[in-house]
Amino acid sequence: MTGGADVEQFELVEAPETQPSPPQVPVKAVRGAVKGSVRQPLLDAASSDDESDKSDVEAGESGSSPRPERNEVSTANTAAQVFFPYMMAGFGTVGAGLLLDYSQHMAVFVEVTELFILVPALLGLKGNLEMTLASRLSTQANLGNMDNKKTALKLCCGNLALAQTQALVVALIAAVVAILLGYASDRVWNWRHVALLIGSSLFTASLASLVLGCVMCLVVYGSHRLHIDPDNVATPIAASLGDITTLALLVGSSGFMYKYVYTVAWVSPLISAGFLVMVPVWWTVARRNEFTTEVLYNGWWPVLIAMMISSGGGFILNMAVSNFEGIAVFTPVICGVGGNLVAIQASRLSTSLHQRYSVGDSAAVPENTKVCGTFRGSGPAARTARLLLFLTLPGHFVFLLTIWAVEGGHTSITLFFAVGYFMAAIIQVVFLLMVANWLVHWLWRRGTDPDNSAIPYLTALGDLVGTGLLALAFEMLWLMGDRDKDLGD
């Protein structure tokens, strides 16, 4: 047999003992042969039975053992696994929105307005680091590399050190970007504010990354041991804790430093120096770990570019808050929910590719991957995309109802507002799922592991698109006469 050629049906005939024994053929290769002709795998059926058989046939012909397979899970089972973490993540974003709505009136946020630019960039670290960490660990778990406790511990330690290194570097750059964008906006320079922004950014990123990283290791390992697909639960749980934890740390640290910014000026620089001297230590630990060495050297561009994209969303938020105070409570919700849903899809797509092909194997991934095919077909990728899109509207309805019940925000939730908000949310999720369908396979063909790159780009785009669409919705409401910005004061 030759790879790529149709395999004709045949029968296995027991050979006489006197004849030399025929070459060993893997059992699954025989099963694939009996099935008849084998077609090139399609995107939406990347993990379907026919394609699994084809992978097994090719593996048998090349003499290599087939990759471990993900057991096919029905849409109902996927929904059951996704729903609870998704709702929990949504309520986490609601909590973050309520906290941001309260914080916008604090003295430190009123005077140091660049903190609003920092908010999406630091909240985006959960997509850049923690959700990417969850995706990497989920892939390793599905490949069987976390079955051994010693290997699992080594995986977690290396990834935690890597996350600390990236978190501190990205937080420093995010603070510098926020300072420059703030200066470009009002042309005012205050070195005390600069020290506060850098110190609070480093403090928030490091502690949030450490706490959430440990939680992710426990969640992935525990769900794998309980035979629950980590791809369905790890990233939403990271999101549920990430927003509220990160924002609480930012509010607390900036408020603390603001108390001493004019009296004990060395507090902020000292805190910054303490975190920066740890960067070489974390770098060394990650470099000596075989599971993180490659990402340490080659995984910077995704998180840095994602941080810049998220900072664009922060710039929009900084401008919008001055005109629409009510936007603060809804921004983490719309950005977080969209990022959570697309992270699930990207993680599942990446795991499916890892289980069947090698990174950079362009022949294994169809060249005709198009965004328009995201929701079409009966394959698992299309089914999951439709499921995640279906969850968008009821989820946002519950989250809006929660905000209304606790009387949060500065905008009454009218029919016109709900319609505008739901339209923005649906457009955002459709856009992100379509981009994910294309981006994951494009990165794979280029030899880039989607586990390290796709989620940062997608969650950052979610921040930018979500904030922009939400600001547009508020602008439309303003033009229609809905101007109750003082509600909730």
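**Exercise 1.** At what angle do the axes of helix α3 and helix α14 cross, and within what distance do they come?

*Solution.* Keep in mind that this is a predicted model. Start by finding the two helices: α3 covers residues 75–103 and α14 covers residues 327–356. Their axes come within 8 Å and cross at roughly 150°. As for handedness, α3 passes α14 in a right-handed crossing.

**Exercise 2.** Work out which residues bring α3 and α14 together, and sort them by class.

*Solution.* Look along α3 and you'll find Thr78, Val82, Tyr86 and Ala89 among the residues that meet α14. On the α14 side, the partners include Ala328, Val329, Pro332 and Arg348. Sorted by class, the contact of α3 with α14 has 14 nonpolar, six polar and two charged residues.

**Exercise 3.** Bring in α15 and describe how α3 packs against it.

*Solution.* Helix α15 spans residues 380–405, and its axis comes within 10 Å of the axis of α3, crossing at roughly 35°. The crossing of α3 past α15 is right-handed. From α3, the contact takes in Phe83, Met87 and Phe91, among others; from α15, it includes Arg383, Leu387 and Leu391. In this contact of α3 with α15, 13 residues are nonpolar, seven are polar and one is charged.

**Exercise 4.** Which residues lie closest to the centre of the largest pocket, and how much space does the pocket hold?

*Solution.* Take the space first: about 570 Å³ lies in the largest pocket. Its lining counts 28 residues, and the closest to the centre are Glu294, Val295, Thr448, Asp449 and Asn452. Then ask where the lining comes from: α6, α7, α12, α13, α16 and α17 each supply at least two residues. Finally, sort the lining by class: ten residues are nonpolar, twelve are polar and six are charged.

Definitions and conventions. Residues are numbered from 1 along each chain as its sequence is written. This is a predicted model: local features need pLDDT of at least 70, side-chain atom pairs count only at pLDDT 80 or more; totals for chains, interfaces and linings use all residues. Side-chain values use heavy atoms; hydrogens and water are left out. Axes are lines fitted to C-alpha atoms, for helices over the stretch in contact, and angles run from 0 to 180 degrees between N-to-C directions. Helices (H or I, at least four residues) and strands (E, at least two) are DSSP runs, numbered from the N terminus. A crossing is left-handed if the near helix is turned anticlockwise from the far one by less than a right angle, and right-handed if clockwise. Contact means heavy atoms within 4.5 Å. Ala, Val, Leu, Ile, Met, Phe, Trp, Tyr, Cys and Pro count as nonpolar, Asp, Glu, Lys and Arg as charged, and the others, Gly among them, as polar. On a 1 Å grid over the protein atoms alone, a cavity is a set of points where a 1.4 Å probe fits but cannot get out, and a pocket is an open set with protein on both sides within 12 Å along at least five of seven lines; lining residues have an atom within 4 Å of a point. Grid points are joined across faces, edges and corners, and a volume is the space filled by probe spheres set on the points.
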